[in-house]
Amino acid sequence: MRITVVGGGVIGLLTAIECVRAPGAHQVDLVDAGPIPSPLATSNDRLRVTRALHRGDPVLTAAGAGTHAAWLEVERLLGNRFYHPSGALTAMPTEEASSELAGLTETGVNAWTLSARDLARRYPHVRFPAGSAAVLEASAGVLLADHALVAMARWLGQHPRTRLLPHQQVVAVSEDGSDAVVRFADGSARSADRVVVAAGPWSRDLLADVVGPELVMYRQSVLSYRPPTDRRNWAGMPVVLALGAARDAWIMPTVPRSDAPMRLSAASACRPVDKLAGHETPDQQRRQLIELFAQLIDGFDPAGVVGATDGYYLAERTRGGPLLAAYEAGVVWAYAACGGMSFKFAPQIARAIADRAVGQPPRPTGLDPIDRPRRLAAVGEE
């Protein structure tokens, strides 16, 4: 089977890997408008978090419980280390901690609670919300995202049944009977038995006729921070989530084997936008984040903010999460929206997409939009 994957981010790369590993000796082309891995992909960042606990959402927590093992398997396949299990600490009101812990440990995740007193003693440089306890997941942690993407591209580039096709902009994807057709900006076209579209923020334009109106684009601002003094306070720190009055701020500390600075952001720094408009963080969002973390980090120094950048992602308009859909004939599959959470679930999502592309029963992910994909009318149909 000839399979074309459009998109050089984490989902495209891992889907291509899973397709070429599947039984059947499939030939896989991976196409992107830029380099592979794509520096403009939603997933292309220095650091990303993987964790199980999603407070108040037991279904998502159960799905997240498999991310640790899934990423370790990817590491073994690629022969490259990029997962640092530093732990993840989720703050919450004390009265909620025991029930959230119980739900998490039922999934087999190693975790425990820390009281407000424990938090003050162990992490005195972080100002947790008053009356907070926290749940600490031991196996959660940080992925060196840029290292992972490079390792995936290298593995694919060395595989005899894979072609990497960078700098080829796709402008349309359609079905033609039992085949799929990919059209390029230079006027050329390529047919395939299956096409998987995982084009990140560009999916809304590429799939405008079939799913574009159902997608919302979001722009997220993130600070890069290097503490000017006493960096020892951050050594061995877990990822910290649910900080601030709105419990929506997070701290991603530095990890061994990476020179990436700490990452600081909050849900309040994410806003819907009409279009891609550059990656430089506007002054207003930068100031708001600096003011927020001045309240959350003891001794926070604005001079330690060494950068700020904006990323983009798509979410399904109604539920706000990811969207997997197939054109009418089922030869074109589109991972049209990631909902902002693709990287942590990427191995499971890519396996499920690849299973469908090669025609074998899809392995369940526990994510309803992936396990129950949408069916769309073919291009040009109502």
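Strands β10 (residues 170–176) and β11 (residues 179–184) run antiparallel and are joined by six bridges. Strands here are DSSP runs of E of at least two residues, helices are runs of H or I of at least four, and both are numbered from the N terminus; two strands count as paired if DSSP finds at least two bridges between them. The model is predicted, so that local features need pLDDT of at least 70 and side-chain atom pairs count only at pLDDT 80 or more, while totals for chains, interfaces and linings use all residues. Residues are numbered from 1 along each chain as its sequence is written, and side-chain values use heavy atoms, with hydrogens and water left out.

Arg183 stands opposite Ala189 in β12. In this second hairpin, with four residues between the strands, Gly187 has a positive phi near 95 degrees.

Gln220 lies in strand β14, which spans residues 215–225. Its relative accessible area is 17%, and therefore Gln220 is buried (under 20% relative accessible area, with exposed over 50% and partly exposed in between, for a 1.4 Å probe and protein chains only). The side chain of Gln220 makes a polar contact of 2.7 Å with that of Ser265, and also reaches the backbone oxygen of Ala266 at 3.0 Å. A polar contact is a pair of N or O atoms within 3.5 Å; within protein, one must be able to donate a hydrogen and the other to accept it, and residues adjacent in sequence count only if both atoms are side-chain atoms. Leaving aside residues up to four places away in sequence, Gln220 touches residues including Cys270, Arg271, Thr309 and Asp310, where contact means heavy atoms within 4.5 Å. Gln220 and Tyr312 are 92 residues apart in sequence, with 6.3 Å between their C-alpha atoms.

A search of the whole structure finds one cavity of 30 Å³ or more. On a 1 Å grid over the protein atoms alone, a cavity is a set of points where a 1.4 Å probe fits but cannot get out, and a pocket is an open set with protein on both sides within 12 Å along at least five of seven lines; lining residues have an atom within 4 Å of a point. Grid points are joined across faces, edges and corners, and a volume is the space filled by probe spheres set on the points. The largest cavity holds about 40 Å³. Helix α1 (10–21) and α3 (67–78) each supply at least two residues of its lining, and α1 gives the most, with four. Among the lining residues are Leu14, Glu73 and Arg351.

The second largest pocket holds about 210 Å³. Of its 18 lining residues, Trp234, Ala235, Thr254, Val255 and Met262 are the closest to its centre.
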